[in-house]
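Hi,

Here is the structure I promised to pass on to you. Have a look at it first, then read my notes below.

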Amino acid sequence: MELKTILLVEDNPDDEALTLRALKKNNIANEVTVARDGQEALDYFFGTNAAMNLTPAVVLLDLKLPKVSGLDVLQRLRGDERTRTQPVVILTSSKEEQDIVNGYRLGANSYIRKPVNFDQFLEAVRQLGLYWLVLNEMPGQGGRP
Amino acid sequence: MSAGITTIAGHDLPIDSGSYAKAILNILGDFSEEKIRLRNTQKAIQNILEDAETEKFRLKATQKALLNIMEDSAVEKARLESMQKATFNILDDLKTEKNNAERTNHELVREIAERKRMEEALEAANKELEVFSYSVSHDLRAPLRAIDGFSQALIEDYPDRLDEQGRYYLERVRAGTQRMAELIDDILQLSRLTRTEMRFETVDISMLAESAIADLRRAEPLRQVEVSIQPDLMAEGDHNLLRIALVNLLANAWKFTGRQPEARIELGAMCDGDVRVFFVRDNGVGFDMTYVNKLFGAFQRLHTTSEFPGTGIGLATVQRIIRRHGGRVWAEGAVNQGATFYFALPSNQNA
């Protein structure tokens with residue numbers, strides 16, 4: 001079975017490296033595509049070179065991003081028929097109430113605060129991978145419009 | 001002069017005697033007519049005089065009446081004048097009053113404008129604080145994650161190039177980042193306390209305390225602590241904020257009785273006039289009253305972290321919450337003889 005892609009939307013190279021490390025440490029072998037700002041994330045889905053048949057298993061979405069914010073990306077994804085059901089996990093630094101509320105209001109599937117402690121981060125990524133890459137069932141390719 | 005002429009009483013009289021007599025007779029005749037005319041005139045004058053006398057009487061009466069009227073009007077005038085004066089006084093007073101009112105009004109308008117400006121400034125400051133703490137919560141943690149994560153990576157990836165000392169240092173680095181992360185979270189929590197809107201209701205203090213103690217027991221099931229909570233203690237306040245205050249006070253009591261083999265924690269209340277005073281008492285390590293003023297300062301600690309862990313935010317949090325309720329918090333204690341924390345809440349917050 002072919003492993004589905006993970007789309008990591010992250011502007012901080014440190015966080016990018018640590019997330020990739022955490023995935024590797026947890027033996028998550030899925031290909032990871034990195035979008036380094038909100039616009040790149042939108043281009044991945046809607047840009048001229050976008051391969052619309054690419055449906056990442058999960059989008060790991062940071063909120064504070066250059067150009068287009070994470071919440072704006074989420075809003076665009078939920079507003080488009082092609083990406084309405086795309087699993088999106090907000091993975092960000094803060095747990096400011098307004099971010100959590102807005103995240104869920106705009107249709108996030110999950111909200112995870114990146115722990116400072118790397119061991120805890122590792123554990124968070126392990127559970128995340130287990131849930132979204134293994135346990136969770138999505139409508140098949142044929143079921144998508 | 002033979003035909004001399006002399007003029008007498010308007011008559012040209014001839015000088016000769018015959019015509020002279022005739023002329024005289026004519027004159028006499030004229031006189032008689034004149035006499036009648038004179039008499040008539042006299043009579044008319046008499047009538048007129050008589051009429052004038054009557055008129056004089058009438059005039060006198062009128063004059064008298066006029067005088068009376070004038071006298072009356074003088075009195076009236078005086079009265080009017082005094083009334084006018086009074087009116088002027090009143091007008092003056094009114095004017096002063098009006099000026100005063102205008103001034104007061106002016107002051108009020110200025111005060112309102114001033115207050116509005118202050119409110120706007122406060123709102124702006126609050127907004128800025130919000131932006132600031134949002135940025136803190138997002139941006140300050142990211143570098144910490146890098147420090148911690150890459151320290152861990154060094155330990156894991158270069159075990160052969162790091163001796164025990166090297167690994168120990170990296171663990172110290174990681175512990176430092178951990179502590180800093182806690183401090184950032186505490187600062188954010190503290191700043192959130194003053195920003196959240198308060199909703200007053202009747203709060204069951206005893207129940208909040210019971211549930212806080214239950215949480216503490218769950219977290220450390222092996223500890224034996226005798227807890228006594230006075231039932232049905234009620235207070236007016238914000239439920240969530242009072243819960244945070246109680247959790248902090250009880251967690252403190254729980255923590256600082258950690259080395260006490262027979263730990264005791266008590267929650268009670270007493271009345272001081274109109275004011276309800278609640279207290280949390282423990283028989284833990286206590287504190288030196290010399291430092292009582294430092295107890296409630298943010299990030300102030302009377303113990304090292306190795307003795308008792310913590311960031312020194314708990315009592316600062318409690319103080320902030322109680323002060324927002326218009327209340328007061330204070331403490332009594334002695335080294336190794338326990339501590340009592342009091343908080344007073346105004347009994348009728350809403351009234």
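Let me start inside chain B. Domain 1 of chain B and domain 2 of chain B have 0 salt bridges between them (a salt bridge being a side-chain nitrogen of Lys or Arg within 4 Å of a carboxyl oxygen of Asp or Glu). Polar contacts come to 1 residue pair there, with both residues at pLDDT 80 or more. For that term, a pair of N or O atoms has to lie within 3.5 Å; within protein, one must be able to donate a hydrogen and the other to accept it, and residues adjacent in sequence count only if both atoms are side-chain atoms.

Before going on, some ground rules: this is a predicted model, where local features need pLDDT of at least 70 and side-chain atom pairs count only at pLDDT 80 or more, while totals for chains, interfaces and linings use all residues. Residues are numbered from 1 along each chain as its sequence is written, chains are lettered from A and ligands numbered from 1 in the order written, and side-chain values use heavy atoms, leaving out hydrogens and water.

Where are the two domains of chain B? Domain 1 covers 13-195 and domain 2 covers 199-346, with bounds from an automatic or database domain assignment. Their C-alpha centres are 57 Å apart. Together the two domains bury about 1000 Å², and 68% of that is on carbon and sulfur atoms (buried area is the accessible area, with a 1.4 Å probe, that two parts lose on being put together, summed over both).

Now for the two chains. Chain A puts 22 residues into the contact and chain B puts in 24, where contact means heavy atoms within 4.5 Å. About 2100 Å² is buried between chain A and chain B, with carbon and sulfur atoms giving 46% of it. A:Lys64, A:Glu96 and A:Val116 supply 31% of the area that chain A buries against chain B, more than any other three residues.

How many salt bridges are there between chain A and chain B? The count is 7. In one salt bridge, the side chain of A:Lys64 meets that of B:Asp139 at 2.6 Å, N to O. Chain A and chain B also have 13 residue pairs in polar contact, both residues at pLDDT 80 or more. On the chain A side, the residues touching chain B are 6 nonpolar, 6 polar and 10 charged (Ala, Val, Leu, Ile, Met, Phe, Trp, Tyr, Cys and Pro count as nonpolar, Asp, Glu, Lys and Arg as charged, and the others, Gly among them, as polar).

Cheers
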